[in-house]
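Open the model in your viewer and keep a selection panel at hand. The stops below run from the whole chain down to single residues.

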Amino acid sequence: MLGFQPYETFQLLIETGGVDRTNTLLIAACDAYARRGKPTAPEMEQFEALAGRLFPIAGPQARAKGAAILGRAEMLSPALEQLVIDNIGEDLNQFLAGATDLSEPTMLDIIARYDVPGAATIAARVDLTNVVLAKLFQMNSRKVYRALAANTAIVPRGAYLSALARSAQMDHMVAESLAQRADFDAALLAPAFFDLSDVDRVKVIQAFAHRETPKAPISKTIEQLTVANQELTKALMKLFSENRRPEVTRLLSQITGLDEVRCGQIAHDVTGASLFVILRAFGCSAYDGLKVLIHATSHDSERSRALADFATLFGNVTPESMAYLMGAWRGEVNLLELNKPEYKPFVETARRAPSNTLAPAHNPVVDQAIEALARIGARRAG
């Protein structure tokens, strides 16, 4: 077989040559098999028998080296895969990641061992069966879920979607990976909002555009306060213009019911994304809301672009949907209800549109806001 005929000669060499000879034979045989390409059925059967004799009696280093070489073969039977896994040692994850084909029993064996690094490596593969996926999602491991979240070959739906959404609430790296995916509903990342980047926070808000949402419990509180909408925006503008953010924190805590730590994050969020949610939830228009955001946000070269985006979002997201997003922060809503047909976005593409397509040209509200921003900058410079 493979230049090593007759097979009986190998049997004799194994029995009489000692460990050193066995080590040499094992590595040579594995190398020959790996170079063979696709073996015939009889060749694979003969090599299985040979490898099954050589691996148990070879030394540890030779077994690891032979398994690493064998792992590069174009085709392995389940028995040969098992020999590789049992003997490859530290190179196991490299084999699991690089193998052209990996049988379902091999994957399930790694998962059954609760080998977390190995399972996470498997979770990144594109050839996972439903049985393997089900077992991976049952593992209580952040490493595994991070790999699953980043694996675009896995379609997030049904129980898998629910599991990923729950994991995102507990692990910011899972949330970050899911935020990059066009096939994942970013609205489900609402509980992880404050763990996300500035850009991804806006994606979450955009996911509520043109969309009905279930009624959030906080809506009743908001309804009682919206009559004082003008007073609220005036108070926030004054506090932000005087940089009295601790007082903003207390005010937000009083009107939203969110804990003070969360309100402190909102008060000190110089991007304006979380403050936008509060303002829109309380029914602020683009005109009044942008006046507050101008005072609350940092005034850098990107600010006019961000203000334009927020101006458009004031028109695209309803106060009810932002109240629902606030409800997610408070843990009062079941986000998975958004999967129901009646709560799907009216325009699917609107949810994932790039930010540079959101703002209409020459929006008068934005123009007024930018002019006001320039005046503020001029006063401060003076």
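Start with the whole protein. Among contacts between residues at least 6 apart in sequence, 66% join residues at least 24 apart. Contact here means heavy atoms within 4.5 Å. This is a predicted model, in which local features need pLDDT of at least 70 and side-chain atom pairs count only at pLDDT 80 or more, while totals for chains, interfaces and linings use all residues. Residues are numbered from 1 along each chain as its sequence is written, and side-chain values use heavy atoms, with hydrogens and water left out.

Colour by secondary structure. The protein has 23 helices and zero strands. Helices (H or I, at least four residues) and strands (E, at least two) are DSSP runs, numbered from the N terminus.

Now colour by accessibility. Of the 382 residues, 51% are buried. Buried means under 20% relative accessible area, exposed over 50%, and partly exposed in between (1.4 Å probe, protein chains only).

**Stop 1: α3 and a cysteine**

Select L50. It sits in helix α3, residues 41-57. L50 counts as buried because its relative accessibility is 2%. C30 is at 0% relative accessibility, so C30 counts as buried. Jump to C284, which is also buried, at 0%. How many disulfides are there? The count is zero, a disulfide being a pair of cysteine sulfur atoms within 2.5 Å.

**Stop 2**

Select Q61, in helix α4 (residues 60-70). Is Q61 buried or exposed? Q61 is exposed, because its relative accessible area is 72%. Draw a distance from Q61 to N87. They are 26 residues apart along the chain, with C-alpha atoms separated by 9.3 Å.

N87 takes you into α5. There L80, E81, L83, V84, I85 and N87 are buried. An α-helix has 3.6 residues a turn, so residues three or four places apart point the same way. Step on to G89, which follows α5 and has a positive phi near 65°.

**Stop 3: the second largest pocket**

Show G71, R72, F95, G98 and A99. Of the 20 residues lining the second largest pocket, these lie nearest its centre. The volume of this pocket is about 330 Å³.

The search runs on a 1 Å grid over the protein atoms alone: a cavity is a set of points where a 1.4 Å probe fits but cannot get out, and a pocket is an open set with protein on both sides within 12 Å along at least five of seven lines. Lining residues have an atom within 4 Å of a point. Grid points are joined across faces, edges and corners, and a volume is the space filled by probe spheres set on the points.

Highlight α5 (78-87) and α6 (92-98). Each supplies at least two residues of the lining. Which helix gives the most? That is α6, with three residues. By class, the lining has nine nonpolar, six polar and five charged residues. Ala, Val, Leu, Ile, Met, Phe, Trp, Tyr, Cys and Pro count as nonpolar, Asp, Glu, Lys and Arg as charged, and the others, Gly among them, as polar.

**Stop 4: R125**

Select R125, in the loop between α8 (116-123) and α9 (130-137). This arginine counts as buried because its relative accessibility is 7%. Its side chain makes a polar contact with the side chain of D127, at 2.7 Å. A polar contact is a pair of N or O atoms within 3.5 Å; within protein, one must be able to donate a hydrogen and the other to accept it, and residues adjacent in sequence count only if both atoms are side-chain atoms. Leaving aside neighbours within four places in sequence, R125 is in contact with L96, A97, A99, T100, D101, L102, M107 and N151.

**Stop 5**

Select D200, in helix α13. D200 is buried, with a relative accessible area of 4%. Beyond four places in sequence, D200 is in contact with A179 and Q180.

Move to H210, in the loop between α13 (198-206) and α14 (219-225). Phi of H210 is positive, near 50°. Most residues other than glycine have a negative phi. H210 counts as partly exposed, at 30% relative accessibility.

Next, N243, in the loop between α15 (229-241) and α16 (245-256). N243 is not a glycine, yet its phi is positive, about 55°. N243 is exposed, with a relative accessible area of 54%.

**Last stop: α19**

Select residues 286-296. This helix, α19, is mostly covered, with nine of its 11 residues buried. The buried ones are A286, D288, G289, L290, V292, L293, I294, H295 and A296.
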